[in-house]
Amino acid sequence: MKNKFDLTGKVAVVTGAGQGLGEAFARSLSSAGAKVYLMARNARRLETTAKKISDETGNETYTCALDITDEQSVINACKTVVDTLGKIDVLVNNAAVGRSSERLENESLEEWNSIIGTNLTGTFLMMKHVGRVMIAQRSGKIINLASMTGKVAMRNPTIGAYDVSKSGIECLTRLMAGVWSEYGITVNSICPGYYMTDINKDYVKEHPDFYQDSLEQIPLKKWGEPADIGDMAVFLASSASDYMTGANVVTDGGYTIW
């Protein structure tokens, strides 16, 4: 029986891939057989991560420094992938910046624009130019990173641009899933909750009360592991999800069901 999760021969692009969930996505896709292009601003970190993944999976990985807020940088990155590997089968739109430290009434316009510009506009730019490649191919799978914070009002006074940007990504996902369906392109998003990345491990050590409070809201009583969400990307990148588009898949341990 054919393994529907086998990505051998596929070319995947992952943004924000130097660390955290981006690294997890890249590792899982590589483990499933894909040739993965890791992209982020920090070229040195990308090289370190790419080597680690290649050593673990036995598959060659590639890197390309990228600023998703700069359209020419996005155009150049897409050209690099196509020139090197001939196509783009999968895009994981993961790159983002975090929420403001200020309440909305104190958030500066500069900070608002920076978060919206990276998270929402950056996602749009990657979809726009990778989408053109996929339209020409008449195939492709796009996986956007939204968030549970785009679905519910969080118990946090620093609600603002981050939450709005993630809600916007859900809308963009649904919109383009419909528009690009005629080209054989599926567009879905993952809406993660709390995951125990290296950065979050440090945060939890510094804020144990926040961690314990969060567990009270999560029915499964734990934070997710990066490898688990990486495997979700494999599913959405594989033929197992061919009849799935416009979906916003929540992976939050049940946080948003209350």
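Helices and strands here are DSSP runs, helices being H or I with at least four residues and strands E with at least two, numbered from the N terminus. This is a predicted model, so to speak of local features we need pLDDT of at least 70, while side-chain atom pairs count only at pLDDT 80 or more, and totals for chains, interfaces and linings use all residues. Residues are numbered from 1 along each chain as its sequence is written, and side-chain values use heavy atoms, with hydrogens and water left out.

Glu 107 sits in the loop between strand 4 (90-93) and helix 4 (109-137). Is Glu 107 buried or exposed? Buried means under 20% relative accessible area, exposed over 50%, and partly exposed in between, with a 1.4 Å probe and protein chains only. Glu 107 counts as buried because its relative accessibility is 12%. Contact means heavy atoms within 4.5 Å. Not counting residues up to four places away in sequence, Glu 107 touches Ser 100, Glu 102, Trp 112, Ile 115, Gly 160 and Ala 161.

Ala 161 is also one of the buried residues of helix 5, among them Tyr 162, Asp 163 and Lys 166. The buried residues of helix 5 pack against helix 4, strand 5 (140-145), strand 6 (185-192) and strand 7 (248-251).

Now the pockets. On a 1 Å grid over the protein atoms alone, a pocket is an open set of points where a 1.4 Å probe fits, with protein on both sides within 12 Å along at least five of seven lines; lining residues have an atom within 4 Å of a point. Grid points are joined across faces, edges and corners, and a volume is the space filled by probe spheres set on the points.

The largest pocket has a volume of about 1,600 Å³. Its lining has 48 residues, and Val 97, Gly 98, Arg 99, Tyr 162 and Asn 200 lie nearest its centre. Which helix gives the most to that lining? Helix 7 does, with five residues. Helix 5 (161-179) and helix 6 (198-206) are among the elements that each supply at least two.

The second largest pocket has a volume of about 320 Å³. It is lined by 18 residues, with Gly 20, Glu 23, Arg 27, Asp 198 and Pro 226 nearest its centre. Helix 1 provides the largest share of this lining, five residues.
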